[in-house]
Amino acid sequence: MNSTLVGVGLTLLSAGVIASGHDQYMEDNWDEPDGLDDLDVFGSSGGSEAEARQAGDDGVSGLDKITAQMSGGEHRPEQQEMCRAVAEAIVTRTHLVVQAGTGTGKSLAYLVPAALSGKKVVVATATKALQDQLAEKDLPQVEDGLGLPAPLDFAVLKGRSNYVCRQRVAEVGSGGIQAELGDQGGRADEPAPAEEIEREEGETAAPAGIVEEVRQLVAWSQTSQSGDRADLSFEPSDRAWNMVSVGPRECPGAFNCPSGGRCFAEAARERASVADVVVVNTHLYGAHLASGGVVLPEHDVVVFDEAHELEEVMTSSLGVEVTPGRFRSLVTSARALVEARDADLLDSLASVGDQLGALLGDRVGTRVLHDEARPPVDDRELAELLIRGAEVSRRVTDALRRTGAQRSFLPDDGGSEPDPDRASRKTRTLQTAVHLAEDLHRFATRGDGEVAWVDGTRRNVRLRLSPIDVGPVLSTMLWGEVTSVLTSATIPPRIVERVGLQAFPTEELNVGSPFDYRSHALLYVARHLPDRRAAGAAEALHEELAQLLEAAGGRTLALFTSKRATEAAAAALGPELPYTLLLQGDLPKSLLLEKFATDETSCLFATMGFWQGVDIPGRALSLVTIDKLPFPRPDDPLLQARRDRAGGGAFSLVDLPRAATLLAQGSGRLIRNADDRGVVAVLDPRLATASYRGVLLSALPPMRRSVDIHEVESFLRQALEDETA
């Protein structure tokens, strides 16, 4: 394989192949006059060297065929190299980690061999934008361009809470909207990260009034073909949507639900079960692993696009989260379902939720239940409260079971008609009670490999239990079951070890980028600036930033590591700035980016939410500034636990890789197409002076480097002249 290997470079090839029936169908019926007619399709187990080479050739030929049909399409060696590597990895059942720089076209590089493989493939993405791109553009392009003998069947599958629940709609209709409102302070199954609602920021506001919103949702559910929240013409409030949807831990399953035969979520799962390629959110894939593998259909290959997010997403998905709102919502749901003698139980459960909120309100951002905390914190009250909460939750579960919470849609012995809606409510409430008891028990029985900590805000606290290291979990649950492709424009250092792949045959590849960074981009480090802790450091940084903005003629994305620094810079420069200043928080992200792209000389000041996912090609963005090396906060509770485990190597194993990845992500906002030119300016002298600077610099694109601001001014002036010529 013609590739640049990084690390150990374990061999890609192994022996033996068995062709599936679908593979044989493709082989027998392929009839294309473009050089693909001798396609040797992939086998279902590790293939030989010759078969791997043939698969690679076929993948590249298919990619070239699609490229030739694209308007302005061009053959990119980097894309072809990645395509070949993915095709060979699928045949040989070798895991592949591939860094594909901006402009490579990595989605086609893995979709083409996936489509040709005859295997069931799941593609997991970290963002809705990429999910939409795959489903609406790339996969249809692959299907049309390859001219396969059988259509390429693909589907998008989302978390259950993204679909309207027909049973909840029926209950709202029969019981009345006001009766269903109850206490919506926290739904019985508050969405974990794996079930986060996938919606775009800044969509049209919902109609005023919760009752009217629900009425519109009910009416929409009667005509919708998908039940998918993303298909709505307005964005409902979470409270309204929660009334007509359920999370995965509320849902009793189609068999136990009166509306199970018409369930939107089950219909989406059915479509996914027969699709060749299934596109999901990475959080949902984490939920699949956490459930023991019952969320997604069985598959042979998984592609993790935006793989730089994989470790953190899995850390979130494989953990546990408890909030006071879960107690309140369970109590509200159960009151109408339990016998009068059990009312005191519900009062006790509500009291536990209230006490939990009071105990955690001042602990946001800290570790809890930690014996070696410094300074020491007595968490015995919290530990006892969690144990009591688990016990009361179990007793509430028993109370619900005593009142016939099990599903029963048949008339009783007295001949009275059953109430399927009430039975369904009981089943859902029982589910939530069981899961709350289980989650609380997890905290009481946590292991050495887990960390308990408090997330959220004072008014919306979340007690979380997270694995310190996801590697062992993924090693046990995932890597031995499927072939994986991990890809991103920025692959984090040591990702193989961090996600537990080191014990499996794994290839690491960096195909680079087709963009000419050395000619088109300059990395400037303000080596002369004082230490950030020195007197006058902020003023010096603002003066440097003002000089850079003037040199670029505006057209700047100024990235900061904190909200405070963002607002301070805007306050210092805004009054004298001759360009439009856009500040994160003034408008939704999508509107800010739209204004930034259309107002060519505007400047956008933003923090962490804009370090990735910003794609502004052309003259509107010629300068990216970074105020400070993006090292994580020293008091981050999860990273504290990882540092403790890493010991003396904590900085190089925990902090430095994260900073390198985020720095590369921020720098990657600059060059978005082959014609872009500009400067990345890092206003932190440590990038030029610190002993660890080499690790950070190696993560960045191969830009020219300078510490002379006059060179920056000359470069930007020339770039602007070239663009206007």
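1. In what order do the four strands of the open sheet stand? The order is β6-β9-β8-β7, and the pairing is antiparallel. This is a predicted model. Strands of a sheet pair through backbone hydrogen bonds.

2. Look next at the edges of the sheet. β6 (320-322) and β7 (367-368) stand there. Each has a single partner strand, so one side of each is left without a neighbour in the sheet.

3. Now follow β7 to its partner. Two bridges join β7 to β8, which covers residues 450-457. The two strands run antiparallel. For valine 368, the bridge partner in β8 is alanine 452.

4. Four cavities of 30 Å³ or more turn up in a search of the whole structure. The largest cavity holds about 150 Å³ of space. Its lining counts 19 residues. Closest to the centre are Arg160, Cys165, Val246, Cys251 and Cys263.

5. Which helices each supply at least two residues of that lining? They are α6 (166-175), α10 (264-274) and α16 (420-444).

6. Last, the make-up of the lining of the largest cavity. Nonpolar residues number 10. Five residues are polar, and four are charged.

Key: Residues numbered from 1 in each chain as written. Predicted model: local features only at pLDDT ≥ 70, side-chain atom pairs only at ≥ 80, totals over all residues. Heavy atoms only, no water. 1 Å grid on protein atoms, 1.4 Å probe; cavity = no way out; pocket = protein on both sides within 12 Å on 5 of 7 lines; lining within 4 Å. Points joined across faces, edges and corners; volume = space filled by probe spheres on them. Nonpolar A, V, L, I, M, F, W, Y, C, P; charged D, E, K, R; others polar. Pairing = 2+ DSSP bridges.
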